[in-house]
Amino acid sequence: MATQLLRALGPLRLLQRSPGPAADVPLRAASHGTSLLYPEHIPTSPLQKALLAVGSAGMALYNPYRHDMVAVLGETTGHRALKVLRDQMKKDPEGAKILQERPRISLSTLDLGQLQSLPEGSLGREYLRFLDVNRVSPDTRAPTRFVDDEELAYVIQRYREVHDMLHTLLGMPTNMLGEIVVKWFEAVQTGLPMCILGALLGPIRLSAQNLQVLVSELIPWAVQNGRRAPCVLNLYYEQRWEQPLTSLREELGITDPPTPH
C-alpha cells in the first residue's frame, strides 16, 4: 500500500531521500525555492493530503510501530489542532519562549553527561533512565514534511520530541499498553486526530486482561490527568532538568498511575 501511495503522489518520492536535517537546527522559514517553507517541507494539495491521511492511517493501524506513517497521519490531519496548540503556547510565557527559541531534543542537543550527573529523581535523570531502560533514542523522531506553515511545523515537531518526556511524566513504558495510555493523555491534551485515532483503535491489539485494566483503570486516569494538566507543550523541559520529577508532577496535577491488582 505504501509503495502504491508513493507512486501515486509525485512529491512523496522525496521521502526516499537521505534523513532530514540535524535535529539541532531549529525549524525556521527559509529560502529553499518559492514553495518550500522550511527544510524537508514537501508541498501537497488538499487531495494529496487526503490520500496520504488514508494511506498512512491504514499502515499505522496495521503496524502501530510504523512511526513514519504515524507522523504522516499527524501532519496531514492536524492543522486545526496545531493552530489551537500554537495559540495556547503564544499565550503562555514559557510556551512563547519555546516558540521564539525553537529548542530541539536530540542526541546532538542533549548533554548526556550532564543529565547523568543530576540528582536521583530529577527530571533529567529520570528522562535519561527512561531512554536507557526502554532502549529508545530521541533521534528516531521523523522530520516534519507535510505541514504548510513553518510555525505549525515546529509545533508538531516539538510534540514529537517531547513524547518520551510524557512517558517519563506519566510513568508509562513503551509497550503497547503504555503507548495507548500516553495516546489517551495526548488526545485529551492536544486534540490531534492522530492521537484520538490511536487512543480509540490501539486497544484492539491488547489481550483481554490488559484491555480490562486499560478500560477500567488506565483510561479514566489518563483522561483525568490530561484534562487537569496545563498544556504540556508549554513546558521548557530543557530548562527544568534539575527539577524533581515529583515536584513537576505536582505542578501539573499528574497523579501516580493505578497500581495493577
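Modeller: A search of the whole structure, which is a predicted model, finds 0 disulfides.

With the disulfides settled, we can turn to the charged side chains. Side chains of opposite charge can pair when their charged atoms come close. In this model the count comes to 17 salt bridges. One of them joins K49 and D148, whose closest N and O atoms are 2.6 Å apart. This pair links distant parts of the chain, with K49 sitting in helix α2 (residues 46–62) and D148 in the loop between α7 and α8, 99 residues apart. The two partners can also be described by how far they are covered: K49 counts as buried, because its relative accessibility of 15% falls under the 20% limit, whereas D148, at 37%, counts as partly exposed.

Another salt bridge is formed by R141 and D164, where the closest N and O atoms are 2.9 Å apart. Here too distant parts of the chain are linked, since R141 is in the loop between α7 and α8 while D164 belongs to helix α9 (residues 163–170), 23 residues apart. R141 counts as partly exposed at 22% relative accessibility, and D164 is buried at 4%. Salt bridges can also share partners, and in this way R86, D87, K90 and E151 are joined into one network.

A further pair is E120 with R129, which have their closest N and O atoms 2.5 Å apart. E120 counts as exposed, with a relative accessibility of 54%, and R129 is partly exposed at 34%.

Next come the rings, where the count is 1 aromatic pair. The ring centres of Y127 and W241 lie 5.6 Å apart and their planes meet at 20 degrees, so the pair is stacked. Y127 lies in helix α7 (residues 123–134) and W241 in the loop between α12 (208–228) and α13 (245–252), so this pair ties together parts that are 114 residues apart in sequence. Both Y127 and W241 are buried.

The protein has 13 helices and 0 strands, and buried residues make up 49% of its 261 residues. Among contacts between residues at least 6 apart in sequence, 71% join residues at least 24 apart. The accessible surface comes to about 12,700 Å², of which 57% belongs to carbon and sulfur atoms.

Definitions and conventions
Residues numbered from 1 in each chain as written. Predicted model: local features only at pLDDT ≥ 70, side-chain atom pairs only at ≥ 80, totals over all residues. Heavy atoms only, no water. Helix = DSSP H or I, 4+ residues; strand = E, 2+ residues; numbered from the N terminus. Buried < 20%, exposed > 50% of the residue type's maximum accessible area, 1.4 Å probe, protein only. Contact = heavy atoms within 4.5 Å. Areas by Shrake-Rupley, 256 points an atom, 1.4 Å probe, with all protein chains shown as cover. Phe/Tyr/Trp six-rings, centres within 6.5 Å; stacked < 30°, edge-to-face > 60°. Disulfide = S-S within 2.5 Å. Salt bridge = Lys/Arg side-chain N within 4 Å of Asp/Glu carboxyl O.
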